[in-house]
Number of protein chains: 2
Amino acid sequence: MARTTGSDGEKTEAAIREAAVNLIARLGYEAMSMRQLAAEVGVQAAALYRYFPTKEELLFTLMREHMEGLTEAWEAAAPTNAGPEERLSAYVENHIAFHIGRRHATHVSNMELRSLSPERLTQILRMRTAYEKELRAILRDGTEAGGFSIDDTGLTAMALIQMMTGVIVWFRPGERLSIAEVTATYLSMTMRLVGAKIGGREERHVHEHAQLRA
Amino acid sequence: MARTTGSDGEKTEAAIREAAVNLIARLGYEAMSMRQLAAEVGVQAAALYRYFPTKEELLFTLMREHMEGLTEAWEAAAPTNAGPEERLSAYVENHIAFHIGRRHATHVSNMELRSLSPERLTQILRMRTAYEKELRAILRDGTEAGGFSIDDTGLTAMALIQMMTGVIVWFRPGERLSIAEVTATYLSMTMRLVGAKIGGREERHVHEHAQLRA
DNA sequence: ACAATAATAAAACGAACGTTCAATTAATTC
DNA sequence: GAATTAATTGAACGTTCGTTTTATTATTGT
């Protein structure tokens with residue numbers, strides 16, 4: 001047999017991406033074989049090579065699009081003309097919502113970096129650094145304006161990102177906590193961590209924010 | 001050729017463990033071949049099987065001993081008859097010191113869990129859960145005693161552990177920050193995160209603690 | 001209806017994988 | 001110094017890997 005009835009390039013490519021994210025997240029990139037992936041899609045291994053020239057290029061595509069999605073989500077969510085506190089709130093909410101919504105893709109982007117060639121690794125890390133730079137800028141602004149009390153901006157940014165991204169390790173949708181509750185708790189932990197001086201009114205505002213988004 | 005002059009079983013086994021930790025941390029478990037590992041040790045691949053019956057058993061041994069080491073380090077460092085604040089300080093300091101000191105082994109234990117068989121995975125996760133339970137107990141005691149102000153003990157424990165363990169992702173010895181500085185900053189971030197009500201005197205005490213250990 | 005093109009199957013490639021086995025040599029024991 | 005044991009080599013096993021090639025069929029455009 002050859003071309004099958006109803007076969008469609010776009011649908012197949014989308015199916016490959018989705019199956020690849022799930023399989024790599026579950027088994028790891030090296031442990032997933034192209035034959036396994038093809039079977040999951042319902043196709044022969046050779047068909048995959050119509051859409052991705054190599055296994056590594058497939059991995060790179062998944063990672064690049066994940067990072068692009070994260071950047072675009074933040075650009076859409078970032079408030080303009082807002083103070084450091086509000087910007088930090090938006091950053092935390094966007095980060096957690098995005099990562100909970102794409103747990104598998106995040107897993108892939110965080111765990112499989114070492115399987116990329118040096119040039120592709122550099123490219124992904126550049127995107128990641130640019131995204132993290134936004135958080136550092138917020139923390140710096142807040143510290144200079146006196147709203148935050150932070151020892152080391154760079155270290156605090158890394159600690160916050162590790163803490164927030166770590167949510168995908170233990171969070172399972174539909175268990176004890178809702179997304180809104182998780183987001184609200186991470187938001188309050190973040191604000192205390194950076195020593196934000198917020199009164200009762202802003203505190204309530206912050207929680208409303210989280211409830212609305214999640 | 002066969003047995004080489006000066007060959008010694010104990011030395012070879014130790015060399016295998018060390019090389020395996022470094023190679024797996026760098027390349028990943030699946031990507032490291034037994035031939036690669038053997039070459040790093042300076043031996044033929046078949047020689048590895050005198051010491052570890054399978055590749056997975058080697059991985060499991062590395063992970064189990066890492067977790068045992070972490071548990072033992074905490075048992076030795078845990079203060080007796082101390083309040084939640086002091087116990088939390090000790091927990092943070094021990095965790096960071098241990099993980100910075102064994103960055104590669106931590107990487108292996110955190111990233112390669114999915115390569116274990118179900119029974120071995122369960123065994124490692126049991127050890128990990130027991131270790132994390134200690135932190136939850138501290139947070140619960142501190143909350144009940146009124147010293148901490150925490151929304152959700154379980155969630156906060158996970159967030160703290162993710163934050164602290166994340167230090168191995170970006171920290172490189174001999175760069176901008178010393179181990180003592182990093183530990184002190186993480187300690188103050190932790191205390192603020194849990195809403196610890198500490199005065200100027202205890203705050204200074206906490207920093208001395210960090211300086212001494214690191 | 002027919003040509004052109006897109007999508008896939010089937011088979012095969014050489015290389016690398018984890019692992020085993022028999023042979024061989026160094027160290028130890030008596 | 002002979003017998004025993006410990007440590008390692010070199011070669012081989014069957015399997016699986018990513019990838020390529022060629023043929024075949026479905027769809028699309030005219």
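When I say that two residues are in contact, I mean that they have heavy atoms within 4.5 Å of each other. Please keep that in mind, everyone, as we look at this predicted model.

Is B:N94 buried or exposed? It has a relative accessible area of 9%, and because the cut-off for buried is under 20%, B:N94 counts as buried. And what is B:N94 in contact with, once we leave aside its neighbours within four places in sequence? The partners are B:L70, B:A73, B:W74, B:A77 and B:Y131.

Now let's step back to the fold, using chain A. Of the 214 residues in chain A, 48% are buried. If you take the contacts in chain A with a separation of 6 or more, 69% of them are between residues 24 or more positions apart.

Chain A is also divided into two domains: domain 1 covers 1-53 and domain 2 covers 55-213. The contact between them takes 15 residues from domain 1 and 14 residues from domain 2. Between these two domains of chain A, about 1400 Å² is buried, and carbon and sulfur atoms give 71% of that area.

On to the pair of chains. How are the two copies related? Chain B can be laid on chain A by a turn of 180° with a shift of 0.0 Å along the axis, and the RMSD is 0.0 Å. The copies are thus related as by a two-fold rotation axis.

As for the interface, 33 residues of chain B are in contact with 33 residues of chain A. The two chains bury about 2900 Å² between them, with 59% of it on carbon and sulfur atoms. On the chain B side, B:R114, B:L155 and B:R192 lose the most area to chain A, and together they make up 25% of what that side buries. Do the copies meet through the same surface or through opposite ones? Of the interface residues of chain B, 100% are also interface residues in chain A, so the copies meet through the same surface.

Here is a residue that I'd like you to click on: B:Y186. The largest nonpolar core holds 124 residues, and A:Y186 and B:Y186 touch the most other members. Not counting residues up to four places away in sequence, B:Y186 touches A:L155 and A:A159 in chain A, and B:V92, B:I96, B:M163, B:M164, B:V167 and B:W170 in chain B.

Next, helix 2 of chain B, residues 34-41. Its buried residues include B:M34, B:L37 and B:A38. In general, an α-helix has 3.6 residues a turn, so residues three or four places apart point the same way. The buried residues of helix 2 of chain B pack against helix 1 (9-27), helix 3 (45-48) and helix 4 (55-77) of chain B. On the other side of this helix, B:R35, B:A39 and B:E40 are exposed. After helix 2 of chain B comes B:G42, whose phi is positive, near 90°.

Most residues other than glycine have a negative phi. A:N81 is not a glycine, yet its phi is positive, about 50°. A:N81 lies in the loop between helix 4 and helix 5 of chain A, and it is exposed, with a relative accessible area of 84%. In the other copy, B:N81 has a positive phi near 55°. B:N81 lies in the loop between helix 4 and helix 5 (84-101) of chain B, and B:N81 is exposed as well, at 84% relative accessible area.

The loop in chain A also holds A:T80, between helix 4 (55-77) and helix 5 (84-101). At 68% relative accessibility, A:T80 counts as exposed. How far apart are A:T80 and A:L58 in space, given that they are 22 residues apart in sequence? From C-alpha to C-alpha, A:T80 and A:L58 are 36 Å apart.

Methods
Residues are numbered from 1 along each chain as its sequence is written. Chains are lettered from A and ligands numbered from 1 in the order in which they are written. This is a predicted model: local features need pLDDT of at least 70, side-chain atom pairs count only at pLDDT 80 or more; totals for chains, interfaces and linings use all residues. Side-chain values use heavy atoms; hydrogens and water are left out. Copies are superposed by least squares on the C-alpha atoms of residues with pLDDT of at least 70 in both. A nonpolar core is a set of buried Ala, Val, Leu, Ile, Met, Phe, Trp, Tyr and Cys residues joined through side-chain atoms within 4.5 Å. Buried means under 20% relative accessible area, exposed over 50%, partly exposed in between (1.4 Å probe, protein chains only). Helices (H or I, at least four residues) and strands (E, at least two) are DSSP runs, numbered from the N terminus. Domain bounds come from an automatic or database domain assignment. Buried area is the accessible area (1.4 Å probe) that two parts lose on being put together, summed over both.
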